[in-house]
Amino acid sequence: MTKNPKRPPAGLPDEDTLIAFLREAGSAEKTDIARHFGLKGGERRMLREMIRELEEAGKLGKRGRKGFSEVGALPPVGVADVVERDMDGELYVRLVEASADAPPALLVPDNDKPGPAPGMGDRVLVKFARGEDGWEARLIKTLDAGANKVLGVIRKSNKEVRVEPVDRKSKDVLIVPHAQAEGLRDGDLVLAAIEKGDQRYGPKRGKILEKIGHEGDARAASLIAIAAHNVPMGFSEAVEKEAGDQELPSLKGREDLRDLPLITIDPADARDHDDAVYAMRDEDPKNADGWIVWVAIADVAAYVRPNTNLDREARDKGNSTYFPDRVEPMLPERLSNGLCSLRHGENRACLAVRMVFDRDGRKTGHKFVRGLMRSHAKLSYEQAQSAIDGVEKGGGADDTTGPILEAILNPLWNAYRTMLKGRLKRSPLAIESPERRISMNDQGQITSIEPRVSLEAHRLIEEMMIQANVCAAETLEQKRTPLLYRVHDAPSQEKLFNLGDFLQTIGKPWTKGEPATTKRFNKLLDETRGGDHAEVVNEVVLRSQMQAIYSAENVGHFGLNLDRYAHFTSPIRRYSDLIVHRGLIRALGLGPKGNHDGLTEREIAELPAIAEHVTMTERRSMAAERAAMDRYMAAFLQERVGATFPGRITGVTRFGLFVRLDETGADGLVPVSTLGTEYFSHDDKSHALVGERSGARWTLGRTVEVRLKEATPITGGLVFEMLSEPAPRDPDAPAPRLGQRARGPGGGGFPKRGGSRPGGPKPPKGGRPSGGLKGVRKGKRR
């Protein structure tokens, strides 16, 4: 109870008095009611009879295990299950162990708390309150998010209905009642909950929570990834209304940048344009051969203000999530593709930075302005590069790039090549992280999977964005305004030792005691580039890195070799950047007074929690994007089962070899049980499977030929058969550090005495090696 009504005279209350008490208290158990009215002995028995009669008459309802409430009311605090999702994506909860009269309540998440938002089937602790449109449940705590849920496929038979999990690591096959599956087809994708029960053997019992789609849908992979990783979908009606009410800001409090010939350079299929660039020679005689570079970024803070519905949902999402066939945006389309997008020829609010570079590419100064701009051209990377390359290099300008080649594009490239001198001196980590692009037709069918081509245009935009991000961090530090840093810690000593162990096996020296520096890693990469071990060295160096995160405390950015760094350039798709924008607005007093769109005191206090939350949402999106790619690749290869492919061993584990195909970049497993009849030990020091009798070796990085045996789109799993022969025993190999034994057909693996804990780069999860600097869309997730 949240209230303690004044104690009445002792004695059994009448019906109206009892209901009035419960209305004020919210809910109460029989013992609490008896204590409140001072009832003893026979009066308590009479109270129990009165409550039973009121319940049968439909005037009282059960609330929780022992509580009672007026019909249609809810207690102040209670445990509830998320049971429904409406067309707008809003979630509704129902009190656990309540009678049928207990109304559903709209779940209002607490965006101040880090961690994933609740989803269908989750059990939550909430505060109930009456709202204008019905009951609301404000989240206090998620109690068992996802622990009792299975995303799976309906399999029907005359005997039973099963839900088979789409996660290849899950073994929770559920049996659901036929009555629950009446409207479902065989192959439907559903979210189901595991029913609590006493069964210890055989399939578990489950109940259907919601239908997600069908496994035969061309775009099922993205739907599965969204549901499996609990990526928020859509926007509430309140948020869509707020977005629809927004208008373009005026020039008041802004600098007029519309005559500055800023242009956007993006992927050809991009719909949201959050950055524009322009460069010109510095006319200052003190900066001979220097350059002025402008980077203008969409002023999202002008529309998404603190503590609004737009802000709360943007914070909950954390970032946009990109799939081959769709985008789950952080902001509604009215903003992300409309008012915030720097569209060609249209006035747009922006936050811009003017940077000055000397002839050696060193930044000598910068200044932020809040302005109104108009993009002078919209280019794709390929368009811009083709114009710069010219006809002699197989390119050429078109109707869009021709008129701006001399005045805009050439100065941009000349400025970049000057900035490149500073980048080379800084020597950021030069790991190559190839990406694949899935092309689809209008029906959602995959037409090709090809490597993303890395152009100089990509690197130009990336370097200009990096420098703008540095300016944001420097300015906020100078103005003593707290900020969200993008930090990337140096590799741990354990990772460096494991890297040294591996390099020893290929004859590359690596002094384990020396500190990690980007120049040291780059020297190693340069020495092996173009050789037999180039790809595997690149892979193990990548896996030796820590993952970049957001933090309210600065530790620098190891990969970029920068002392301070923040994300400023993508506020349409990253909440972290929006927080940095608000910090700049506060620190520099930008914009008209009374706008209230700068960083608030509350946000400053919450920066550590915000950093933790947006790091989590980034991980969530990366996992969902990777899972969808795996499933789309499996779908693309399903018709080629039985075909042979060249590939490379990218992971060595005690249970088999992970192989990445050259053609598509798809990852799959060669089970150890198919490698031969002898026992194979996992030598974690040299990343090899070693035959205990023959000494035959399967080593990390080796090129092989495999046959595709299985492709399962619903899980994204690929299984290969090895066609190549193992390498013979290596008499010069260092003494193996054996982990666990595994054998060929019928063998299985079992621990080997004296085997040490596996070390070195960890085996890839889900068939894909993990790394700290995974590329994404424009630029990198640096």
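The chain folds into 15 helices and 36 strands, where helices (H or I, at least four residues) and strands (E, at least two) are DSSP runs numbered from the N terminus. This is a predicted model, in which local features need pLDDT of at least 70 and side-chain atom pairs count only at pLDDT 80 or more, while totals for chains, interfaces and linings use all residues. Residues are numbered from 1 along each chain as its sequence is written, and side-chain values use heavy atoms, with hydrogens and water left out.

Of the 782 residues of the chain, 52% count as buried. Buried means under 20% relative accessible area, exposed means over 50%, and partly exposed lies in between (1.4 Å probe, protein chains only). Among the contacts in the chain with a separation of 6 or more, 68% are accounted for by residues 24 or more positions apart; contact means heavy atoms within 4.5 Å.

**Salt bridges**

Across the whole structure, a search finds 44 salt bridges. The term denotes a side-chain nitrogen of Lys or Arg within 4 Å of a carboxyl oxygen of Asp or Glu.

| Pair | Distance, N to O |
|---|---|
| Lys59 and Glu15 | 3.5 Å |
| Arg52 and Glu49 | 2.2 Å |
| Glu539 and Arg660 | 3.5 Å |

The salt bridge between Lys59 and Glu15 links distant parts of the chain, 44 residues apart: Lys59 is in the loop between helix 3 (42-56) and strand 2 (60-63), and Glu15 is in helix 1 (residues 15-25). Lys59 is partly exposed, at 39% relative accessibility, and Glu15 is also classed as partly exposed, at 35%.

Arg52 and Glu49, which meet in a salt bridge, both belong to helix 3; they are 3 residues apart and therefore separated by about one helical turn. Arg52 has a relative accessible area of 36% and is partly exposed. Glu49, at 33% relative accessibility, counts as partly exposed.

The side chains of Glu539 and Arg660 form a salt bridge. Glu539 lies in helix 13 (residues 534-543) and Arg660 in strand 28 (residues 656-661), so this pair ties together parts that are 121 residues apart in sequence. Glu539 is buried at 12% relative accessibility, whereas Arg660 is partly exposed, with a relative accessible area of 22%.

Salt bridges also form a network, which links Arg155, Glu164, Asp186 and Glu215.

**Helix packing**

Helix 10 (residues 456-478) and helix 14 (residues 575-588) have axes that come within 10 Å and cross at roughly 45°. Axes are lines fitted to C-alpha atoms, for helices over the stretch in contact, and angles run from 0 to 180 degrees between N-to-C directions. The two helices, helix 10 and helix 14, are therefore oblique to each other; angles under 35 degrees count as roughly parallel, over 145 as roughly antiparallel, 65 to 115 as roughly perpendicular and the rest as oblique. Helix 10 and helix 14 form a left-handed crossing, meaning that the near helix is turned anticlockwise from the far one by less than a right angle. Ala472, Thr475 and Leu476 of helix 10 make the contact with Val580, Gly583, Leu584, Ala587 and Leu588 of helix 14. By class, the residues of this contact are 6 nonpolar, 2 polar and no charged. Here Ala, Val, Leu, Ile, Met, Phe, Trp, Tyr, Cys and Pro count as nonpolar, Asp, Glu, Lys and Arg as charged, and the others, Gly among them, as polar.

Helix 8 (residues 381-389) and helix 9 (residues 405-426) pack with their axes 11 Å apart, at an angle of about 90°. Helix 8 is thus roughly perpendicular to helix 9. From helix 8, Ala384, Gln385, Ala387 and Ile388 meet Leu405, Leu409, Asn410, Trp413 and Arg417 of helix 9. The residues of the contact of helix 8 with helix 9 comprise 6 nonpolar, 2 polar and 1 charged.

**Two buried helix residues**

Leu503 is placed in helix 11 (residues 493-505) and is buried, at 0% relative accessibility. Leaving aside residues up to four places away in sequence, Leu503 touches Lys508, Trp510, Leu524 and Val537. Leu503 and Lys685, 182 residues apart in sequence, are 9.6 Å apart in space, C-alpha to C-alpha.

Met633 is found in helix 15 (residues 601-637), and its relative accessible area of 2% makes Met633 buried. Met633 and Asp667 are 34 residues apart in sequence, with a C-alpha to C-alpha distance of 8.9 Å.
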